[in-house]
Every structure is written in structure tokens, then in C-alpha cells.
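The sequence and structure are shown first.

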Amino acid sequence: VTHSIPACIGNMTINSKQLDNESPVSIFAVNKCYRTAQDGTFFDGSGFAALVREGYKVRSDVNITLEFRTTAVHGVLLGVSSAKVDAIGLEIVNGKVLFHVNNGAGRIMATYEPRGTNSLCDGKWHKLQANKSKHRISLIIDGNLVQTDNPYIQSTSADTNNPIYVGGYPADVKQNCLTSKSSFHGCMRNLMLNKGQQAELFDFSRAFDLRGVFPHSCPGAEH
């Protein structure tokens with residue numbers, strides 16, 4: 001077995017001597033145990049998860065679904081870019097969810113603006129669906145649909161070739177469809193990218209780079 005166990009371990013003794021969990025000599029990808037936990041992945045607001053090392057190709061169509069829970073009004077949700085301008089990006093800015101797409105001709109954006117500034121940042125789970133179909137884009141948050149007009153109807157393919165960055169991205173990585181540099185602080189679960197009949201559910205524990213991200217469990221809802 002070469003991978004870690006997604007679990008909490010405590011009160012470990014060796015030869016009747018209790019190990020001190022509080023001040024380890026070294027630590028890697030280990031978080032605290034939560035008194036109450038939920039399924040999902042916890043982002044501590046300092047980093048990101050990087051998926052698909054060889055690069056994800058958005059091209060003409062993609063449907064992204066995920067659930068998130070946060071009390072922060074800013075945070076990167078997801079970005080896929082290219083060395084040129086082609087890219088897609090999902091982010092929370094001032095309590096609104098923005099979905100940006102650039103197929104090469106110019107950036108377009110669908111914005112979901114909730115009634116109250118904090119209503120998406122209330123520490124409860126919210127369901128997001130972002131759809132790009134050629135030049136059309138739409139955003140559905142908790143069942144509410146937002147669509148936007150695209151003046152660049154001839155340009156239909158986002159020719160991306162970079163990894164999928166979730167919850168943030170490294171300082172030296174360019175993201176053409178994100179305006180925020182704030183890492184996401186909260187929990188995500190059920191991240192899925194669909195292309196036609198092909199649906200891919202991403203497991204954060206299989207990310208090739210994880211910084212400040214703890215798969216498998218989230219602290220219980222904040223009060």
C-alpha cells in the first residue's frame with residue numbers, strides 16, 4: 001500500500017508511551033481531526049489543488065458541476081487556461097459567482113448575483129453548474145439560471161492545455177479567465193466535468209499538487 005488512509009488517528013502509544021501529536025518532528029498533508037465532519041474536501045484558504053498534469057482540453061463544450069460551502073465572499077473556484085488567451089474560470093467575487101470564458105476572440109462572463117451579499121457565503125452547501133456550449137455560456141446556482149449574450153459567435157473553442165486548478169493557483173501560473181487571486185476557503189465536493197456523454201468525477205486525493213487542501217473530510221458546518 002503506497003497511499004495514505006483517509007481517516008483520523010489519535011491516542012497512539014508505542015511501548016506504553018503516548019506519542020505527542022501536537023508537536024511532530026515533520027508533517028505532510030495531515031490536518032486536524034474534526035469533532036463533526038462532512039464528506040468533501042477542505043480548502044484552508046492558502047493554496048489550491050492541481051488536477052490533470054498533462055493539461056485539460058475544454059474545446060467547444062464542457063459542463064462543470066460542483067458543490068461548495070464557504071463563509072468568505074472572495075475565492076477562486078476553478079480555472080483552466082492556455083498559453084494564449086483561451087481559458088475558462090469560475091470564481092466568487094464580492095459574494096457573486098462569475099463564470100468567464102474566452103474562446104480566443106474575447107472574454108465573456110455570466111454573473112450570478114444573489115439577493116443578499118452573504119447568501120452564497122453562509123456556510124451552507126450550494127450547487128453550481130457552469131455550461132459552455134460552443135459560444136454560449138450559462139450558470140445555474142441552486143437551480144437559478146443565468147445566461148449571457150456572446151458577440152463573438154464565430155469563436156467556439158477554448159483551446160486550453162493547462163492543468164485544472166481548483167480553489168486557487170500558483171503565483172507563477174497565468175490564468176486568463178480569473179480576476180481574483182484569493183484562494184478559496186471552505187469545502188467542495190462532487191466536482192464533475194462532462195463533455196458530451198463522457199462524465200469525469202474528480203477525486204482531490206488524486207491531485208498531482210495539493211497545497212492547503214485536505215481531501216475526504218470537511219469540518220462540520222460553522223455556526
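## A ring in its surroundings

Is phenylalanine 214 buried or exposed? Phenylalanine 214 is buried, since its relative accessible area is 15%, a value under the 20% limit for that class. The model is a predicted one.

Across the whole structure, a search finds four aromatic pairs. One of them joins phenylalanine 42 and phenylalanine 214 in a stacked arrangement, with 6.5 Å from centre to centre and 25 degrees between the planes. Phenylalanine 42 belongs to strand β4 (residues 41-51) and phenylalanine 214 to strand β16 (residues 209-214), so the pair ties together parts that are 172 residues apart in sequence.

Phenylalanine 42 is buried, with a relative accessible area of 13%.

## The edge-to-face pair and its cluster

Phenylalanine 43 and phenylalanine 204 form an aromatic pair of the edge-to-face kind, with centres 5.6 Å apart and planes at 90 degrees. This pair also links distant parts of the chain: phenylalanine 43 is in strand β4, while phenylalanine 204 is in the loop between β15 (198-201) and β16, and the two are 161 residues apart.

Phenylalanine 43 and phenylalanine 204 are both buried. Together with Phe184, Phe43 and Phe204 make up one aromatic cluster.

## A charge over a ring

A further contact involves tryptophan 125: the charged end of arginine 189 sits over the ring of this residue, at 3.8 Å from the ring centre.

Note on methods:
Residues are numbered from 1 along each chain as its sequence is written. This is a predicted model: local features need pLDDT of at least 70, side-chain atom pairs count only at pLDDT 80 or more; totals for chains, interfaces and linings use all residues. Side-chain values use heavy atoms; hydrogens and water are left out. Rings of Phe, Tyr and Trp (its six-membered ring) pair if their centres lie within 6.5 Å; planes under 30 degrees apart count as stacked, over 60 as edge-to-face and the rest as tilted. Helices (H or I, at least four residues) and strands (E, at least two) are DSSP runs, numbered from the N terminus. Buried means under 20% relative accessible area, exposed over 50%, partly exposed in between (1.4 Å probe, protein chains only). A charge sits over a ring if NZ of Lys or CZ of Arg is within 6 Å of the ring centre and within 35 degrees of the ring normal.
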